[in-house]
Amino acid sequence: MSRTLIESFRAQFPAISPDHIYLDSAATALKPKAMIEATLNFYQGTGNIHRSQYSQALQLTNQYEHARSLAANFIHAAESHSIIWTKGATEAVNLIASSYLEHKLTVDDEIIVSESEHHANLIPWIMLAKKKQAKIIPLPLNNSLVPDLNILPSLISNKTKLIAITQMSNVTGAVTDIHLASSIAHSHNCAIAVDGSQGIVHHGFDVSHTEVDFYFFSAHKLYGPTGVGVLYIHPDRIDEMYPWQGGGKMLSHAKMDDFIAEDAPYCFEAGTPNTAGIIGFGATLNWLKDWPLDILERHASDLAQCADDRLSQLVGYKKISVDNSSILTFIIKGIHSNDLAILLSEQNIAVRSGLHCAHPLNKVLGINGSIRASFAPFNTLDETYRFCGAVEKAVSMLA
Ligand code: PMP
């Protein structure tokens, strides 16, 4: 791995400081200068998009729509109008539930949800199932902690209306073969909604190669701002969907007792959007083009491997995450993950602890929380050694 590549990537992030080690990129990534500058520029100018005729507003509208094209290109979507801006992955799932599935779902219908899901790709389905007296069918994991696609066909029936599945678990780092999952779903005439929140960062996604009905992620995990999400909708599904929120700019005509909805994507984007965030995310996507993402990813997973090699010497250490992942999730028997995280914080190290918004997955794994150190390409070997030393120190204090 070229040191200069890592050093120049690292130099992009003003939040990095020598006294603090950031190992929480799976929760939210640090922000590059390119994004920060674009957001600042927006606020130094400002204007409202899609509404006004003055030049500043028109220019911002162009930037906003250009960001949509960049998001489409990033996942190889042919049409930028297949991209809906949301405020995050969570809102994207709620949108799919309300706009697509609610009117299709009837009593006793089924939604298959993998046991690996973050609550964002579980709770909206439970809420909808309760409302419509439908059922959630859990898709168990196989021995490699991946949703078991061998048994998926046996769970699908003519009542199955949608399969909700993650591309990559935020707890274990396990990666699902979405190509296979979607071909199983489609051979049974079933829609598939894929949570790309972690997968997009580490593996990318190509909707021109793998046909999915819905693919979504939050910008903030991909070096973008908070409050921005990308929802890709397959063009064949758009006509089966209804607007879910009403308000300005989602319609072409309104009178006192009715309205005509705009075409997608605008009918799903009621109200003034997070313009600063979306333009900032456009700058992130533009900036990302300059970096060899697969090489950088390998560096991050090498660091996680290196930390695992050393920490595995600790008594009671058990790795929860899968091999070859930049996410290192572990427990130390007899020590609560939150206690360990507090002692790491006192040594200026940021990790995530607890249940990681995935209560059912913790139950399947037979654990009650864990530490997740998520490595990013800007992390260094020196930081990795310091992190390991800090864990050893914390464990010696708590044991
Ligand atoms: N899915 C996964 C796999 C995640 O890791 C997260 C964030 N932890 C989400 C969904 C939800 O993202 P957000 O809170 O940004 O909507």
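Reader: What should I know about the model and its numbering?

Author: This is a predicted model; local features need pLDDT of at least 70, side-chain atom pairs count only at pLDDT 80 or more, and totals for chains, interfaces and linings use all residues. Residues are numbered from 1 along each chain as its sequence is written.

Reader: Which feature does UniProt place at residues 21–384?

Author: The unreviewed UniProt entry gives "domain: Aminotransferase class V" there. UniProt positions use the numbering used here, feature names are shortened, and annotations may be inferred rather than shown by experiment. Over residues 21–384 the chain is 37% helix and 18% strand. The end C-alpha atoms of that stretch are 9 Å apart. Helices (H or I, at least four residues) and strands (E, at least two) are DSSP runs, numbered from the N terminus.

Reader: Now the largest nonpolar core. Which residues touch the most other members?

Author: Ile192, Phe214, Phe216 and Tyr232, out of 107 residues. A nonpolar core is a set of buried Ala, Val, Leu, Ile, Met, Phe, Trp, Tyr and Cys residues joined through C-beta atoms within 7 Å. Buried means 20 or more other C-beta atoms within 10 Å of a residue's own, exposed means 12 or fewer, and partly exposed is in between, with C-beta atoms placed from the backbone.

Reader: Which helix gives the most to this core?

Author: Helix α4 (residues 89–101), with 8 residues.

Reader: And where does this core lie relative to domain 1 and domain 2?

Author: Between them, because domain 1 (3–29 + 292–398) and domain 2 (35–288) both give residues to it. Those bounds come from an automatic or database domain assignment.

Reader: Is Ala174 buried or exposed?

Author: Ala174 is buried, with 21 other C-beta atoms within 10 Å. Ala174 sits in the loop between β5 (160–166) and α7 (178–187). The C-alpha atoms of Ala174 and Ser321 are separated by 7.3 Å, though 147 residues apart along the chain.

Reader: Switching to α12. Which residues are buried there?

Author: Ser337, Leu340, Ala341 and Leu344, in a helix that covers residues 337–346. Those buried residues fall within an arc of 100° seen down the axis, so they line one face of α12. The arc is that of the directions from the helix axis to the C-beta atoms.

Reader: What does the face turned away carry?

Author: The exposed residues Asn338 and Glu346. Just after α12, Asn348 takes a positive phi of about 65°.
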